Amino acid sequence: MTAQPDLPSRARVVVVGGGIIGTSVAYHLAKLGWSDVLLLERDRLTSGTTWHAAGLMATFGSTSQTSTELRQYTLDLYGRLPAETGLETGLKQCGLIELAIEPGRLEEYRRTAAFNRHLGVEVHEISPREVAGLWPLARTDDVLAGFYIPADGRVNPVDVTMSLAKGARMGGVTIREGTAVTGFRRERGAVTGVRTEQGDVEAEYVVLCAGMWSRQLAELAGICVPLQAAEHYYLITEPIDGVESSWPVLEDPASYGYYREEGGGLMLGMFEPVCAPWRVEGIPADFSFGELPPDWDRMGPYLEKAMARVPVSERTGIRKFFCGPESFTPDLLPIVGEAPELRNFFVAAGLNSIGILTGGGIGRTVAQWIVDGMPGIDVTGINIDRLHPYQANPQYRATRTVESLGLVYATHYPNRPVQTARGARLSPVHHRLAAKGACFRDVSGWEGADWYAPPGEAPEPGELTWGRPRWFGHWAAEHHATREGVILMDMSFMAKFLVQGRDSARVLEQISANQVAAEPGRITYTQWLNERGTIEADLTVTMLGDEEFLVVASDTAHRHAHTWMRRHFGDAHAFVTDVTSGYAQLNVQGPGSRELLQAVTSADLSNEAFPFRTARYIDIGFARVLCVRITYLGELGYELHIPAEQAVAVYDRLVAAGEPLGLRHAGLKALASLRLEKGYRDYGHDIDNTDSVLAAGLGFAVALDKPGGFIGRDAVLAQKATGPMRRRLVQVLLADPEPLLFHAEVVSRNGKPAGYLRAASYGFTLGGAVGLAMIDADQAIDQKYLDSGNWTVQIGDVSYPVTVSLRPLYDPSSKRVQM
């Protein structure tokens with residue numbers, strides 16, 4: 001390597017890692033006018049994972065708007081880079097075919113295709129004969145359908161990286177190869193630079209894009225990046241007569257394989273259902289352009305199945321059986337964003353084999369996040385702060401990764417549970433719930449009761465399906481028990497924070513859109529907004545005393561809410577303590593909830609003495625329990641926050657007292673169906689960081705006139721000044737009681753797509769599937785506008801009539817909540 005000039009002593013941004021992601025971040029920072037950027041690569045560009053990536057380009061396949069738009073932007077960028085930089089990217093838009101072999105996959109792809117078309121992806125469902133016409137060597141006798149995307153294809157990952165690097169240099173970025181980062185400088189909770197063997201570099205921002213090394217490097221800064229490398233395989237055959245480079249990429253997830261032309265032969269890559277993690281203890285620092293010895297014995301059965309899709313491959317010589325590491329995350333989603341542990345330290349890693357096909361979009365998102373202070377897209381699903389430190393433990397990574405790689409090609413059924421690394425976090429009453437027949441699922445690492453089997457029946461979920469599961473009736477019974485009687489629901493996984501100090505009221509008012517410090521003993525529903533008036537958190541704040549508050553957020557918002565408070569409290573006399581593990585949360589809900597609770601406490605729970613939104617400590621046996629009269633299910637109800645060591649005793653008293661009242665346990669499936677009937681929002685599902693509080697229909701929770709204002713107030717006022725909203729979150733109810741809704745189904749008005757369902761469930765009380773959809777219009781959206789249209793929702797390739805409403809279709813005046 002030729003001699004390089006001295007390492008700069010300072011840069012506004014230091015990017016660590018010279019693969020597809022690092023060069024994309026640097027390129028996009030330069031495009032936004034930030035040229036004082038230094039990219040440091042320990043060896044040479046692409047030397048980690050990028051160099052051996054297969055280079056598939058697929059805009060089809062995701063029911064996430066974020067993921068789809070990242071893919072679309074990336075494809076467009078790779079197409080125009082050559083004209084800008086003079087370096088080709090190897091992009092061949094030869095098309096992509098996804099095969100559906102079994103009915104479940106066909107249903108998934110039809111649903112996905114409808115959503116992808118809504119976002120502008122050209123997708124055609126084609127017959128097996130048409131598949132054979134486009135890919136003559138593929139066996140199609142068992143194919144139900146193919147899904148053909150003409151604009152997708154393949155790219156050369158090394159060429160793309162070099163083109164991005166040149167574009168970055170053209171914008172003033174400095175790129176230094178052969179310079180390994182050995183540590184980080186930090187001061188007062190913010191990163192201030194990096195350390196290298198050639199000296200320290202001062203920086204305002206650091207972006208870690210080191211691929212499978214990111215976890216180890218992040219640990220040097222005290223940051224958790226729970227990703228793990230795993231073996232990934234592809235085979236390259238000798239040349240085969242008739243193979244054309246113009247053929248589409250072919251993917252057959254049921255056979256674990258993808259296929260494309262390579263050197264006149266075929267590349268056959270695999271995502272096997274049970275994979276092998278690699279170097280859990282740590283990736284060697286000197287591993288560069290490296291290969292791993294293939295495990296023929298382990299991979300043999302998978303390889304046979306993949307080769308059977310293209311029989312000629314079984315009779316053709318093998319030029320190369322390649323094994324190289326790629327990194328995977330616990331939930332198979334990228335790790336992107338500002339680290340909660342350290343300000344101005346950004347991470348973009350853990351791409352789960354989609355780094356090439358989303359690299360442009362990821363780079364742009366991180367660059368915008370740094371320059372503008374906000375990412376510009378919904379990042380609730382990919383934000384680094386969704387993850388927890390224990391997920392970086394060696395045993396957790398080794399256990400979960402075995403499953404993660406295989407999920408890439410699994411049929412994405414709506415109720416598919418993760419099977420590995422279970423039991424990481426248990427509620428204090430977990431064993432009691434298990435004895436009651438709970439079927440558990442992973443809830444941000446907690447074991448959450450999803451539904452309950454009746455006595456004498458094992459809580460087995462049964463076969464995965466897009467239709468009614470075998471436990472549909474059990475779920476319905478829990479739902480009806482909530483509406484008609486009384487249920488107990490364990491919600492101990494909710495994030496709980498104690499905020500104390502003489503300035504606690506002031507700082508909480510500053511970050512809360514609603515007035516949260518009006519009087520002690522009262523709970524308030526509020527949003528936390530950013531300066532643009534879009535939502536950062538959706539939660540409750542309970543004023544316990546003049547200088548003491550309880551903040552409760554959803555499990556997925558745990559670290560985000562915690563970080564938001566720490567970073568906005570500054571030097572104020574206000575202190576945040578995470579008390580999630582210290583308290584169980586048992587919710588007693590339904591028309592009979594007051595009668596049940598009154599039977600176990602001496603406190604007066606009458607409507608007059610304990611009205612809606614009251615929060616007060618009550619006695620239950622030996623325990624002092626914070627009882628909050630609030631609901632997320634749309635009925636009279638109470639949330640009980642119980643010291644963990646007393647939770648079992650309180651639970652037992654509730655169950656005993658509830659037996660003559662017909663108390664039933666209810667799980668998270670009922671939670672979803674009940675809250676969606678009432679139109680209650682769930683941050684990260686039906687509302688996110690791109691939504692204004694007004695579009696989300698949450699203006700009632702905004703106190704625009706409260707003294708001192710709040711973060712985002714000016715933006716909300718500006719939105720109100722523009723007049724009635726043309727973008728609104730609405731409730732959608734299917735007229736036909738049979739079909740099921742899940743997520744991403746397209747909603748149309750008078751035959752024209754208007755939006756899509758962000759979350760859905762089955763409304764047992766309303767009599768059909770129900771959900772929340774964000775819709776757009778070229779005029780003000782009010783109930784008159786909704787009533788004047790003919791509304792439908794598309795499920796797969798069939799459209800069904802729906803009712804659309806701004807107000808909750810169940811108990812719109814909330815009389816039942818305040819009874």
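I started with D442 and looked up how open its side of the fold is: at 21% relative accessibility, D442 counts as partly exposed. For my own reference, buried means under 20% relative accessible area, exposed means over 50%, and partly exposed is in between, with a 1.4 Å probe and protein chains only.

A note on what I am working with: this is a predicted model, where local features need pLDDT of at least 70, side-chain atom pairs count only at pLDDT 80 or more, and totals for chains, interfaces and linings use all residues. Residues are numbered from 1 along each chain as its sequence is written, and side-chain values use heavy atoms, with hydrogens and water left out.

**Salt bridges**

Next I asked which residue D442 pairs with in a salt bridge. I found R400, with the closest N and O atoms 3.3 Å apart. The term stands for a side-chain nitrogen of Lys or Arg within 4 Å of a carboxyl oxygen of Asp or Glu. D442 sits in strand β19 (residues 438-443) and R400 in helix α9 (residues 394-407), so this pair ties together parts that are 42 residues apart in sequence. Helices (H or I, at least four residues) and strands (E, at least two) are DSSP runs here, numbered from the N terminus. Is R400 buried or exposed? I read 5% relative accessibility for R400, so I logged it as buried.

I then turned to D682 and R675, whose side chains meet in a salt bridge at 3.9 Å, N to O. D682 comes out as buried at 18% relative accessibility, and R675 is buried too, with a relative accessible area of 5%.

My next pair was R713 and D714, a salt bridge with its closest N and O atoms 3.9 Å apart. R713 is partly exposed, at a relative accessible area of 27%, whereas D714 counts as exposed at 59%. I also noted a network: R10, R12, D36, E202 and E204 are joined into one by salt bridges that share partners.

How many salt bridges does the structure hold? I have 47 written down for the structure.

**Cysteines**

Last, I searched the whole structure for disulfides (a pair of cysteine sulfur atoms within 2.5 Å) and the search returned zero. C323 is in no disulfide, and its nearest cysteine sulfur belongs to C275, 10 Å away. I checked accessibility here as well: C323 counts as buried at 0%. C627 is likewise buried, with a relative accessible area of 0%.
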